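Colleague: I would like to go through this structure one question at a time. Please give the terms as they come up.

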Amino acid sequence: MSAPSPKATIAGIRPYQAGKAKAAGFASPIKLSANENALGCSPKARAAYSAAADTLQLYPDPQGVALRTAIAAQHDIDPDRIVLGAGSDEIFSLVCQAYLSPGDTMIQPQFAFAAWAIAAKAAGANVISAPERDYHVDVDAILARVDASTRVVFVANPANPTGTMIPFADIARLHHALPSNVVLVLDGAYAEFAEHRQDYEDGLRLARTADNVVLTRTFSKLYGLAALRVGWGYAAPKIVDALNRIRLPFNTSTGGQAAAIAALKDSEFAARSLAHVRDGLPGLQSALTEAGLVTLPSVTNFVTALAATPDIAQAFEHGLAERGILVRGLANYDMPNALRVTVGDSQQMQAFERVLQDIRL
Ligand SMILES: Cc1ncc(COP(=O)(O)O)c(C=O)c1O
């Protein structure tokens, strides 16, 4: 007998690579590689998390009722249509498990968040990438690739790794033209950073009435709770029912639920985080431009910049790391000539600008 072999699509999965956290010779490098919140998290969220230490022997609320109620109140939506996940990553995985079978197809934009393809291929499905137009999602290219095998389409708006957004009118057009049996996942991990734009919507309004839309949001970015792994999806009752049937019972922890509730209440921290990012983006963009890179427009908490060649991008990434600053090279996102840099705190940004000027290529 031969050894067990996993499903055929598993071998084609590129394992997820997290933003680097270590730089040789530096005990605490400046980490600008994972789009984390430069200001930390709400002190109230931290206190709520600490208080949860008193009940570590007890299982968390499997339904996360208090957190779903708090999210529903914040967004004026039905709590019964919210599914909680261990990060929004888990919602992607649940959607793929529920709606993709071997031989089915998932379509995503050319520059896509890596976790989607992992989830789709783990479910046995094939993944098709639709070319982008100047690093912006091209809904016509996605639609041109839809066929009878298409079951799920993923789009992030704003997008990672590019940082760009498309007007909501395009998303609405995409949804309108998709067959009704295709699930459209709108990944809103960076939604809060784009909400000031008049042409932006996260898709919640669409998901209220559409039977085939899943909107996902996260506590990892604006709320600074990436370590606790709390995200959520909002969808039609039938989709929510399917996801809840396969969701593991205790997928979000007591501490995570409690911290997320407190984070939602601390609007002052959220507003400060948002202002910090908005204020920090132009300086980060200029520093990258002065270094000879071409920045993509960003409506996120990071800037993606293009070098003339992959070698130059790599030289910057390595030069920065040698000086204790970690940024994200995007070779594994099929952007080998690009670097992605998170807006850090003011000291980190000053250090980044100084060090970038030092690197002469
Ligand atoms: C586009 C996008 N979606 C989802 C996530 C993951 O979020 P979470 O921490 O909620 O799993 C990220 C994290 O970087 C992201 O960039």
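Modeller: Two residues are in contact if their C-beta atoms, placed from the backbone, lie within 7 Å. This is a predicted model, in which local features need pLDDT of at least 70, side-chain atom pairs count only at pLDDT 80 or more, and totals for chains, interfaces and linings use all residues. Residues are numbered from 1 along each chain as its sequence is written.

Colleague: Which residues are in contact with Val-152, leaving aside neighbours within four places in sequence?

Modeller: Val-95, Cys-96, Tyr-99, Leu-100, Met-106 and Ala-120 are in contact with Val-152.

Colleague: Is Val-182 buried, exposed or partly exposed?

Modeller: A residue is buried if 20 or more other C-beta atoms, placed from the backbone, lie within 10 Å of its own, exposed if 12 or fewer, and partly exposed in between. Val-182 has 17 C-beta neighbours inside 10 Å, so Val-182 counts as partly exposed.

Colleague: How far apart in space are Val-182 and Asn-212, C-alpha to C-alpha?

Modeller: In sequence, Val-182 and Asn-212 are 30 residues apart. Val-182 touches Asn-212, and also Val-146, Thr-150, Arg-151, Val-152 and Val-153, not counting residues up to four places away in sequence. From C-alpha to C-alpha, the distance between Val-182 and Asn-212 is 6.5 Å.

Colleague: What percentage of the contacts with a separation of 6 or more is between residues 24 or more positions apart?

Modeller: The protein has 361 residues, and buried residues make up 48% of them. Of the contacts with a separation of 6 or more, the share from residues 24 or more positions apart is 73%.
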